[in-house]
Amino acid sequence: MMSTSLFGRYLDPRAICPRVTASDSAEVITLLAERLRMIGSVKESYARAVIDREATMPTGLPLADDVAVAVPHTDPEHVVTPALAMATLATPVAFKSMEDPDRDLAVTVVFALALRDKNEQIEMLQTIAATLQDAPIMRRIAEAATVAEILAALETKKT
Amino acid sequence: MIRPKRVLVACGTAVATSTVVANALEEEMKARGIKIDIRQCKATEIPSLIADADLVVSTTPVPPNLSKPAIVTLAFLTGLGKAEVIEKIAAILRA
């Protein structure tokens, strides 16, 4: 059910940023939005929209082993074609928890989602959720230093 | 025939996380023989839709003083505590 080809279809290597140094969540989002813009996936308005949404409806998720990720995204009107961008962070950056917006999470991996249609992108969303629930893969992604290492970690995702 | 229980599945934008939750929830309840009818919405839309619902499952905080039970959980996204939350939901829907 979960295959890496779904990542392959939506994850352009140019939108993968390993070992990013950023001082806050807005800086990470801006970087990923620039990459998505470069590959023609989002409109110029996407970065601002995602940062604004993160302030009121944050997307940090606490995982097993004290790993935390964030999945920033926004409304389809800012998206041209569906895609995924990813960053691993050299040092953790604070994102607020989706479940509890008063709680800071030390996030090490960020998946920025550019979604057009929830029914069309459901497989991508499920693949991401399945990956988040796979602690060994998340550990490998968090430790990856290169784009190739991130792609290799994603490819170990079981079907 | 028993009418399916209506579940509002909410998140921030009703586009990403609630879709993952809705699919997982449907699968898990089906496996337990519980028929459900899911409607996805934004958390801010819950009060206007709750009259027809039996339960709210949300990934983001819900408005206060809802007239129906509400469960806020990230378990369907992160896997943490998933078995427990599924049993809790099943118990509410069987009641």
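Predicted model: local features only at pLDDT ≥ 70, side-chain atom pairs only at ≥ 80, totals over all residues.
Residues are numbered from 1 along each chain as its sequence is written, and chains are lettered from A in the order in which they are written.

Within chain B there is an open sheet of 4 strands in the order β2-β1-β3-β4, with parallel pairing; strands are DSSP runs of E of at least two residues, and helices runs of H or I of at least four, numbered from the N terminus, and two strands pair if DSSP finds at least two bridges between them. Because β2 (36–42) and β4 (70–72) of chain B each have a single partner strand, they stand at the edges, and one side of each is left without a neighbour in the sheet. Strand β1 (residues 5–11) of chain B is joined to β2(B) in the parallel sense over 7 bridges, and K5(B) stands opposite I36(B) in β2(B).

Between the chains, helix α4 (residues 122–132) of chain A packs with helix α1 (residues 17–31) of chain B at about 80°, their axes 9 Å apart, where axes are lines fitted to C-alpha atoms, for helices over the stretch in contact, and angles run from 0 to 180 degrees between N-to-C directions. The angle therefore makes α4(A) roughly perpendicular to α1(B), a term for 65 to 115 degrees. I122(A), L125(A), Q126(A) and A129(A) of α4(A) meet T19(B), V20(B) and N23(B) of α1(B), contact requiring C-beta atoms, placed from the backbone, to lie within 7 Å.

Notes. Parallel < 35°, antiparallel > 145°, perpendicular 65-115°, else oblique. Contact = placed C-beta atoms within 7 Å.
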